Amino acid sequence: TLIPEVGGTPVILTSRDLDGDGPNAPVITSTGNFTVSTTYNGTVSLLNELTTPVDNISVEVEEEGDEHQFFFNAPGVGTFAYTDQDVNGRPIGLEFTFTASANAQSGNLTVILKHEPNKTAEGVAAGNIANAGGETDLQVSFPVIVE
């Protein structure tokens, strides 16, 4: 969920995979487009909808924040900055800001959750996944538009 700092309509990006490892691809949706040069406050919510009641996996990721980190990539579309930290003062990525491009663009916004990344490696705390290592727990790309 991305809420414009200046007020306005949030943009909610959703990936749902209700058959788990089944044959159907996840359903990816967006409630709208981003506005040029606008900064959004973002939060990630991870839900296991295959259980009853629904399990909020975000709680586990936050509790084990020193073992997890989200990485965001939206080339040409916008930039990200972390606004949350683990117990060691390093980013988790459940909370962040996204600043949309100054020009109208379309592209993909990719979200990757790494388990046990090397958070002390060069560039990792700034969101550079190249040196992170670890195991990919989640990866999803959302088609987005900045207008």
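**Reading terms in a predicted model**

User: Why is R16 called partly exposed?

Analyst: The relative accessible area of R16 is 37%. Buried means under 20% and exposed over 50%, with partly exposed in between (1.4 Å probe, protein chains only), so R16 counts as partly exposed. This is a predicted model, in which local features need pLDDT of at least 70, side-chain atom pairs count only at pLDDT 80 or more, and totals for chains, interfaces and linings use all residues. Residues are numbered from 1 along each chain as its sequence is written, and side-chain values use heavy atoms, with hydrogens and water left out.

User: How do you know that R16 and E49 form a salt bridge?

Analyst: Their side chains meet at 2.9 Å, N to O. The rule asks for a side-chain nitrogen of Lys or Arg within 4 Å of a carboxyl oxygen of Asp or Glu, so the pair of R16 and E49 qualifies as a salt bridge. R16 lies in strand β2 (residues 13-16) and E49 in the loop between β5 (47-48) and β6, 33 residues apart, so that the pair links distant parts of the chain. Here helices (H or I, at least four residues) and strands (E, at least two) are DSSP runs, numbered from the N terminus. E49 is partly exposed, at a relative accessible area of 32%.

User: Are D86 and K119 buried or exposed, and how do you know?

Analyst: D86 has a relative accessible area of 9%, and K119 has 7%. Both residues are therefore buried.

User: What makes the surface group that includes D55 a patch of negative charge?

Analyst: D55, E60, E62, E63, E95, E116, E135 and D137 gather there. Asp and Glu count as negative, and Lys and Arg as positive, while His and the chain ends are not counted. A patch is made of residues with over 30% relative accessible area and no salt bridge, with like charges joined within 9 Å and nonpolar side chains (Val, Leu, Ile, Met, Phe, Trp, Tyr) within 5 Å. The area of D55, in strand β6 (residues 55-56), is 38%, so D55 passes the area condition. The largest share of the patch, three residues, comes from α1. Both α1 (57-63) and β11 (135-146) supply at least two residues.

User: Why is E116 called exposed, while S37 is called partly exposed?

Analyst: E116 has 51% relative accessibility and therefore counts as exposed, whereas S37, at 49%, counts as partly exposed. E116 is in the loop between β10 and β11, and S37 in the loop between β3 (27-30) and β4 (39-43). Phi is positive in both non-glycine residues: near 55° for E116 and about 55° for S37.

User: What makes the approach of H68 to E64 a polar contact?

Analyst: The side chain of H68 reaches the backbone oxygen of E64 at 2.9 Å. A polar contact is a pair of N or O atoms within 3.5 Å; within protein, one must be able to donate a hydrogen and the other to accept it, and residues adjacent in sequence count only if both atoms are side-chain atoms. The distance therefore falls within the limit. H68, in strand β7 (residues 68-73), is buried because its relative accessible area is 4%.

How values were computed. Areas by Shrake-Rupley, 256 points an atom, 1.4 Å probe, with all protein chains shown as cover. Charge placed at Lys NZ, Arg CZ, Asp CG, Glu CD.
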